[in-house]
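Let's walk through this structure together, starting with the place where two chains meet and then moving inside. Keep the picture open as you read.

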Amino acid sequence: MNGAEGTIVYHGSFPGFLCACAEALNSREPAPRVLDARVEPTLFEARFQVARDDERAAALWDRISNRAGSQAMVTVLEAFLSGMPGADASLATVLRKLWRKGAKALDDLSDGDVLAVEKAALRARQEGHKFCGLVRFSKLSDGSWYAPVEPSCDVLPLIAEHFSTRFSSMRFAIHDLARGSAIIHEAGRPCSLVEGFHLDAATTQDGGRPDPEAELSRGEKEIRALWSLYFRAIAIEPRRNRRLQMSHMPRKYWSRLTEMGPD
Amino acid sequence: MDTIRKLEILSDAAKYDASCSSSGSARPALSGGLGNGAVGGICHTWAADGRCVSLLKVLLSNACAWDCAYCVNRRSNDVSRAGFEPEELVRLVIDFYKRNYIEGAFLSSGVTGCPDTTMERLISVARTLRVRERWNGYLHLKAIPGASEQLVAEAARWADRVSVNIELPSAESLGSVAPDKSPRAIFSVMRSLARAGGFEPRRLLPTDVTPSSVPSSNPGSTAFGNLPAVSGAAAERVPVYDVRLASTDRPSVMEVRKDRRRNPEAAVLPAGQSTQLVVGASPESDAVILGLAENLYLAYDGRRVYYSAFVPTTPDPRVPALPGPPLLREHRLYQADWLFRFYGFKADEILSADRPFLDADLDPKCAWALRNLDRFPVDVNRADYLELLRVPGIGPRSASRILRARSGSALKPEALQALGVVMKRAAFFVTCSGTVPRIAGSMKSANPEAAFARAALVDGAREKLGGTQLEFDWDASA
């Protein structure tokens with residue numbers, strides 16, 4: 001039972017998580033567990049809540065970063081963004097090891113927490129890479145570009161730079177519908193990540209949500225049709241293999257893909 | 001004809017070219033421009049046949065003066081013909097790219113007029129994209145066999161990759177199936193491309209395997225008998241179509257590539273050249289195909305050799321009427337190709353004159369391991385990276401994880417699965433400091449010589465892909 005030291009909980013965000021980890025680092029051994037407050041408490045659990053404090057989070061990040069190097073910190077961020085159940089608890093333990101031993105702590109794959117962190121990081125990295133391909137922009141009538149996405153991991157922080165480099169002269173938003181966050185990019189400027197994004201559209205769907213489909217630029221539907229046609233034409237019929245297609249591109253992604261649409 | 005109908009015809013006509021890779025180029029973004037290269041490549045969708053779609057793959061025109069029997073666009077085939085206006089194609093590339101539908105374009109063409117005029121038309125689209133549109137996405141151009149060195153070099157200047165397809169794995173088959181293409185025309189383009197990428201085409205030393213001993217499924221075939229050894233000045237005058245298996249002192253493709261420094265930000269041809277071999281349209285064995293592929297990697301610095309299962313479209317007496325594309329054979333060839341590039345294998349380790357075909361039921365690496373049991377078991381706590389790579393069930397990722405993980409403490413069999421090792425296969429070939437893994441769900445120790453080992457190593461590829469496997473009697477058809 002981990003009753004004596006209890007459990008430190010945080011509310012969702014990465015800075016909040018880091019604050020909980022800072023608290024855990026300051027505690028005596030055995031280190032308390034770090035958990036998302038949304039996880040149901042067990043019966044005899046003593047919970048201790050840590051408030052989000054961005055300065056404190058940044059200080060911890062810098063401290064560990066100095067010890068472990070930027071490569072290890074990328075793994076830390078990816079593992080957190082994976083949102084895999086339990087990844088945050090393992091990550092808190094691993095942060096403690098990184099603080100003590102530096103980057104080589106990540107090499108000890110015989111340690112269950114290190115392995116869990118590596119796997120979680122890989123998952124987020126792979127989904128981020130996948131979304132570099134699966135994002136679909138539509139041109140809106142005001143000349144800006146809008147792409148709604150529904151990734152399993154919180155990939156926006158991982159793909160923001162890719163898209164703002166590639167489409168540096170485009171005004172665009174990549175909108176994570178489930179999390180409400182978005183990458184916002186104005187031509188020629190660095191991008192920003194925002195929480196609680198709303199498409200600023202004149203037209204709304206039933207229920208009052210903005211309707212990007214009603215805001216499309218002229219010719220957008222024709223270009224979508226060309227793409228869907230190309231997508232169908234490029235498949236070789238005698239090689240048809242839906243299972244292979246789905247193993248690369250799971251069905252959960254289809255609803256946001258122009259070419260997988262009903263028509 | 002409107003764009004939509006043209007796109008339908010010209011993408012349908014281009015789809016039998018297997019290459020859709022977009023890796024190898026880190027072309028930087030230009031200020032005020034559009035796009036950049038992603039060195040690892042990015043797939044943007046997967047078609048109903050399960051193949052990745054990364055590029056807008058179209059022909060500029062599917063009208064063709066040539067009559068290659070395997071090709072859907074051959075002169076004698078009765079299909080709708082169309083051609084893009086250059087401006088129309090430029091528009092399409094940019095419109096698709098801005099929506100993130102594609103990573104770039106792969107432009108090819110039927111041969112209209114002579115090879116040089118066809119090349120010039122492709123180059124002019126490329127130039128417009130790069131210069132006027134300031135577009136830096138991935139561009140793969142097809143070179144036409146017989147095009148002049150100057151035009152090939154100009155294509156290389158605008159493109160990330162240029163490819164010229166061999167298609168038929170022997171000079172004899174090329175002569176009978178694609179009479180308008182000559183080995184000389186193909187290989188001179190390959191040489192120009194190698195040089196454009198800063199690589200001096202290598203002279204492959206003759207081996208003691210004489211050409212007539214090169215196995216073919218048709219033992220009477222002397223397809224390569226009239227080809228000269230490649231050495232000295234002969235390499236310049238006579239095109240290499242040397243498919244003999246590598247001699248044992250030849251380095252592996254992986255070793256050679258490790259020593260070759262590449263610059264993915266190079267302006268000219270950062271992603272190098274590739275080619276394609278059609279599988280099943282002619283009688284060559286897997287050994288011939290892999291021997292040729294290995295030579296192409298070594299001699300021309302080829303980045304990829306693609307294998308394309310022959311898809312019979314409309315009948316032509318020069319190629320067999322297959323029940324369907326030989327997908328299982330293609331799959332095994334790709335697995336063997338991976339062994340060249342990422343596992344340090346040589347062609348003659350995978351196949352030999354007395355064993356000309358890959359095992360249909362086993363991954364070529366498992367087949368190799370079962371033939372070389374004296375090299376096993378490998379101790380995962382001592383073996384180096386290359387030795388680990390040779391173990392079935394261990395790949396580059398799990399091999400490097402093993403190296404990292406064992407630096408802390410010696411590995412036990414239970415730990416391997418978590419590191420990504422496929423124990424179903426690896427169990428037969430490893431020990432952990434002397435401890436032999438047990439077979440899952442049983443008390444038996446894994447022993448590769450036991451009767452059940454081979455059965456346990458059989459993968460499901462035959463069930464998945466074998467339905468249309470080629471069982472074609474070349475002798476009876478001759």
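Between them, chain B and chain A bury about 4800 Å², and 60% of that is on carbon and sulfur atoms. Keep in mind that this is a predicted model. On the chain B side, B:Trp46, B:Arg99 and B:Tyr101 lose the most area to chain A, together making up 16% of what that side buries. If you'd rather think in residues, 54 from chain B are in contact with 52 from chain A.

What about charges? There are 6 salt bridges between chain B and chain A. You can look one up yourself: the side chains of B:Arg404 and A:Glu118 pair in a salt bridge, at 3.1 Å from N to O. Several elements of chain B supply at least two residues each to the side that touches chain A, including strand 3 (55-59), helix 2 (86-98) and helix 14 (396-406). Helix 1 of chain B gives the most, with 6 residues. Sorted by class, that side of chain B has 27 nonpolar, 12 polar and 15 charged residues.

Now for the inside. In soluble globular proteins, nonpolar side chains tend to be buried together. Here, the largest nonpolar core has 201 residues, and A:Phe17, B:Leu7 and B:Tyr307 are among those with the most contacts inside it. Helix 9 of chain B (residues 286-300) gives the most to this core, with 10 residues. Zoom in on A:Phe17: leaving aside neighbours within four places in sequence, its contacts include A:Tyr10, A:Phe80 and A:Leu95. A second, separate core of 9 residues includes A:Leu140 and A:Phe197.

How values were computed: Residues are numbered from 1 along each chain as its sequence is written. Chains are lettered from A and ligands numbered from 1 in the order in which they are written. This is a predicted model: local features need pLDDT of at least 70, side-chain atom pairs count only at pLDDT 80 or more; totals for chains, interfaces and linings use all residues. Side-chain values use heavy atoms; hydrogens and water are left out. Contact means heavy atoms within 4.5 Å. Buried area is the accessible area (1.4 Å probe) that two parts lose on being put together, summed over both. A salt bridge is a side-chain nitrogen of Lys or Arg within 4 Å of a carboxyl oxygen of Asp or Glu. Helices (H or I, at least four residues) and strands (E, at least two) are DSSP runs, numbered from the N terminus. Ala, Val, Leu, Ile, Met, Phe, Trp, Tyr, Cys and Pro count as nonpolar, Asp, Glu, Lys and Arg as charged, and the others, Gly among them, as polar. A nonpolar core is a set of buried Ala, Val, Leu, Ile, Met, Phe, Trp, Tyr and Cys residues joined through side-chain atoms within 4.5 Å. Buried means under 20% relative accessible area, exposed over 50%, partly exposed in between (1.4 Å probe, protein chains only).
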